[in-house]
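Student: I would like a close look at a single part of this model. Please take one residue and its setting, then move on to what lies around the rest of the chain.

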Amino acid sequence: KNSTFAGANATMMLVALAMFGVFFFVSLYMQNILGYSATEAGASFLPMTLLIILVAPVAGKLSDRVGSRWLMGAGLTLVSGSLLVFSRLDLSSGFWDLFPGLIVGGLGMALSMAPTTAAAMGSVPVDTAGVGSAVLNSMRQVGGALGIAVMGAIVASHLDVPVRSPQGPAQFVEGFQQALLVAAGIAFAGALVAVTTVRKYRHADTPVPEAAA
């Protein structure tokens, strides 16, 4: 019945669905196609990680002032754009082809995650905050599990031979590109859900000004 709480949870599930699979398969792309080691693949995500660390606290404070709705929409639109950038990677790409997607994705994740959490937690009474937090985390985990499964199914549908075989890299990249296009659509759907369902939120047990006076 609470559209803001429901919308924030749906948005969290969609962004996790879009991004968890991407993290997994972009790292596989780096190792299987670009020849990175596992450590190099992990380190390549540092630009995105640093942006999330720096921008997310600012986005959280801004959501308290202006509300979460448009921040969530803008963040998920940026996430969708970053996935479109990743979908253009091919056999001849390198780190600097990945870099724009990492930057845009870091900004998008930072702008969307903290405001989404703020919207969900701000729309429930304080005495049920634990339940609200549990539901939100459950939606994140469900979305992440579905994301890896969906992206994996799309990539696997294009693989007729092992990735290490001569035709394997080309088939992997083809499936990888299609999976990223689907993920971009999911992220943009999350932006639409956010802007259509999330509203200004206030704890249900917060007294109105007249009562406080």
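Tutor: Ser 80 is buried, because its relative accessible area is 8% and the cut-off for buried is under 20%. This is a predicted model. Ser 80 has its place in helix 4, which covers residues 69-86. Now set Ser 80 against Ala 41. In sequence, Ser 80 and Ala 41 are 39 residues apart. In space, C-alpha to C-alpha, the two are 22 Å apart.

For a contrast, turn to Ile 53. Ile 53 sits in helix 3, residues 46-66. Its relative accessible area is 53%. The cut-off for exposed is over 50%, so Ile 53 counts as exposed.

Next, the helix pairs. Take helix 1 (residues 3-32) and helix 7 (residues 168-197). Their axes are 9 Å apart, and the helices pack at an angle of about 160 degrees. Angles over 145 degrees count as roughly antiparallel, so helix 1 is roughly antiparallel to helix 7. Their crossing is left-handed.

Helix 5 (residues 95-122) and helix 6 (residues 129-157) make another pair. Their axes come within 9 Å and cross at roughly 140 degrees. That angle makes helix 5 oblique to helix 6. The crossing of helix 5 and helix 6 is right-handed.

Technical notes: Residues numbered from 1 in each chain as written. Predicted model: local features only at pLDDT ≥ 70, side-chain atom pairs only at ≥ 80, totals over all residues. Heavy atoms only, no water. Helix = DSSP H or I, 4+ residues; strand = E, 2+ residues; numbered from the N terminus. Buried < 20%, exposed > 50% of the residue type's maximum accessible area, 1.4 Å probe, protein only. Axes fitted to C-alpha atoms, helices over the stretch in contact; angles between N-to-C directions. Parallel < 35°, antiparallel > 145°, perpendicular 65-115°, else oblique. Left-handed = near helix turned anticlockwise from the far one by under 90°.
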